[in-house]
Amino acid sequence: MNKKRRSVPGIRHYDGPAGGWGALKATAIAVRTQMDALDAPVTLLRTNQPDGFDCPGCAWPDKEHKSTFQFCENGAKAVTWEATSKRVTPEFLAKNTVTSLLAKSDYKLEGYGRLTRPLRYDRASDTFRPVEWEEAFERIGEVLRGLEPDQVEFYTSGRASNEAAYLFQLFAREYGTNNFPDCSNMCHEATSVGLPRSIGIGKGTVSLDDFDNTELVISIGHNPGTNHPRMMGTLHELARRNVPIIVFNPLRERALERFADPQSVIEMATYSSTDIASTYFQVKAGGDAAALKGIAKHLLQMEQERGGVLDSEFIAEHTQGFSAFADDIAQTSWEAIERESGLTADALKSVAEAYAKSNATIITYGMGITQHNKGTANVRLIADVLLMRGNIGKPGAGICPLRGHSNVQGNRTVGITEKPTAAFIERLKDVFGFDAPAKHGHDAVQATQAMIDGHAKALICLGGNFAVAMPDHENGFPAMHTLDLSVHVGTKLNRTHLLVGKETYILPCLGRTELDMQQTGRQSITVEDSMSMVHASSGKLKPASPLIRSEPAIVAGMARATLKQTKVNWMELVTDYDLIRELIEQTIPGFDNYNDRIRVPGGFRMPLPPIQRIWPTATGKAMFSVFDGVDENAKGEGDNVLRLITLRSHDQYNTTIYALDDRYRGVFGRRDILFMNEGDMENLGLEHGDRVDIETALAGSVQRLEDITVVAYSIASGSVGAYYPEANVLVPLNYLDKDSGTPSYKSVPVRVTLRSKEIRML
């Protein structure tokens, strides 16, 4: 469209590449505003080093655990945000009531800096007051002993280490519950549920070596420049080797179009960049399944016409269910595929033909696949497409789910799950001598619903910003106030901390960058990245306060105070984290010689049977699935229904907002934005810069987000985008993938209405 757009405050076109000088400038600003100028360079140089700490940002693995200067813009922000010189002191808290702090933005709250001592909410003054550690532990234990175990929710953030997470699950299970809402429930639970049904394990099958050997990458539903930025180095290398990268994403994302590597002397000196995507398809929100079925349909047609397209030998030897899968694909019409995907048959056929030519293909995907009503089925459909050509269990090929937080996968590996296996429960009994509960507990949605219903009485959070990350704030936030007890282990203030219950404690913990000194000396923790590599992390910075403790020490302190007849020597475990790892080795397969192997730079890889074409499914085979129809989500009610995608800005990681800019999308200093297709705007009589209200278009839903500014953007027709977590108010708690319990943040039916003509003119 050629219509001239009005000027909108904070909105201006960004024409540069991702990365480049803009990334270096943003890194310099983060360092200058958060850290001491002398500490910052040394700290950043320890990121992802053998004797340093693992980046507290994304879970993309390191190319080398040597002396490479490897960290990205957003990784630098994560490090400086944690290692900030700013402090939240008792004096600050005495001057600021919880009510007044709740009026601040999430960005402002975390921007106040690091917590320095344990705190207890004082209702009389409406402030947080200092409390001694042992006093806090004893009171927490006293309250928990007065509750039924099923009334307590144990939440885990993906930044918790393997050691802390293992102690946390041990605490909860000896206490008597499997209520483990965790951040995986909100993002990749569909992977954890879907992939075991398809290939027998809920993890990806590729390594960085596979990216070195691949002939084609198909990227679906993720924005690596913001959400897993270290991946950009890998994609940059592939593009420069002319490996095709085919992208499916509703929005045009700059990092998937052009990237300038800040570590490339030539690109930085010449202000040049590298094109990333060889082909870019703007699939409709909720249209991924239709697109995948279109690719599969043309593969089957090519097989019928000329043969040799499918890996028939692999299918016969290693899989089951192919006939039912193929029959369903054959019966799916091109008309339905085009309607739901928003893409032409010719476009999808071109992808199928490129795929047929590739001898080794990797499919990467993110929450654009999982956060849908059929997220689990979406994941399985990706596995189906790979299985058609034997692209699991051979070099340069495989499935690559892109995890977010740096240890969300490790947490699940060491026992953070509401659905433990009988074998795990038995191993806990053998090692510790107590009977852990077998009954499945609550996931994140079920935990929130239990709080709303009044069944849950306590919430113990090992990190995170639980209430803000969840959908349906209108009901979830008030439920927090009804709790008998809420406990938050964290490094900074966030909104969930301020949604105080009858009793609320904030327990400050060490960050990844900080020295963890226990009785036997300096300690290391371990994490597991997206490619199942487990490695050590050890900070060296002076802790933000002498009064803060490590996550394992805090968990052990709560457990000891709660479990008066405990079978575990909690405080001894804290003296030497090797002891915790020995227990992990005894109870969880794959951790043999744990302590020895993490002392080798780079660590070790957890077992992944599918890479050897061993399938730990019930049948011993990889399983094809049948995706019913082509629509991933509910249609919504009424006319002019659009599909809302919740997005993170470039200055954001999950609920943590580093700044108010979204550089690559051209948004600066604000977040009250709705990205919209210009054709959809014209159909609804809207203009760039109009102020609108958004409401959920689902039966029985009354969710609204008011006074949002419309911005014309390159986004698929029928789709709109707004920032997470602000737009979470539009996601009903029961709008989710029934198989995995994952909320459908990426495809909510909504209606958009102009506030008024008078407001338009303001």
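Predicted model: local features only at pLDDT ≥ 70, side-chain atom pairs only at ≥ 80, totals over all residues.
A helix here is a DSSP run (H or I) of at least four residues, and helices are numbered from the N terminus.

**The whole chain**

Display the entire chain as a cartoon. The secondary structure comes to 33 helices and 31 strands. Of the 762 residues, 65% count as buried. Now show the accessible surface, which comes to about 27,200 Å²; carbon and sulfur atoms account for 50% of that area. Among contacts with a separation of 6 or more, 78% are between residues 24 or more positions apart.

**First stop: a charged patch**

Select Asp-596, which is found in helix α31 (residues 594-597). Is Asp-596 buried or exposed? Its relative accessible area is 55%, and because the cut-off for exposed is over 50%, Asp-596 counts as exposed.

**Second stop: a buried serine**

Next, select Ser-532, in the loop between β20 (525-528) and β21 (533-537). Ser-532 has a relative accessible area of 0%; since buried means under 20%, Ser-532 is buried. Which residues does Ser-532 touch, not counting those up to four places away in sequence? Select Lys-203, Gln-409, Phe-604, Arg-605, Met-606 and Leu-608 to display these contacts. Then place a distance label between the C-alpha atoms of Ser-532 and Gln-409: the two residues are 123 residues apart in sequence and 7.8 Å apart in space.

A search of the whole structure finds 36 salt bridges.

Select Asp-690 and Arg-6, whose salt bridge has its closest N and O atoms 3.2 Å apart. Asp-690 lies in the loop between α32 (678-683) and β28 (691-696), and Arg-6 in the segment before β1 (18-19), so the pair ties together parts that are 684 residues apart in sequence. Asp-690 is buried, with a relative accessible area of 0%, whereas Arg-6 is partly exposed at 28%.

Move to Glu-82 and Arg-159. In this salt bridge, the closest N and O atoms are 2.4 Å apart. Glu-82 belongs to helix α3 (residues 73-82) and Arg-159 to the loop between β6 (152-156) and α8 (162-175), so the pair ties together parts 77 residues apart in sequence. Glu-82 counts as buried, with 4% relative accessibility, while Arg-159 counts as partly exposed, with 28%.

Continue to Glu-132 and Arg-117, whose side chains meet in a salt bridge of 3.9 Å, N to O. Glu-132 sits in the loop between β5 (127-130) and α7 (133-145), and Arg-117 in the loop between β3 (114-115) and β4 (119-122); the two are 15 residues apart. At 52% relative accessibility, Glu-132 counts as exposed, and Arg-117 is partly exposed, with a relative accessible area of 23%.

**Last stop: a network**

Finally, select Arg-691, Asp-693, Glu-695, Arg-704, Glu-706, Asp-707, Arg-751 and Arg-755 together. What joins these residues into one network? Salt bridges that share partners link Arg-691, Asp-693, Glu-695, Arg-704, Glu-706, Asp-707, Arg-751 and Arg-755.

Definitions and conventions
Residues numbered from 1 in each chain as written. Heavy atoms only, no water. Buried < 20%, exposed > 50% of the residue type's maximum accessible area, 1.4 Å probe, protein only. Contact = heavy atoms within 4.5 Å. Salt bridge = Lys/Arg side-chain N within 4 Å of Asp/Glu carboxyl O. Areas by Shrake-Rupley, 256 points an atom, 1.4 Å probe, with all protein chains shown as cover.
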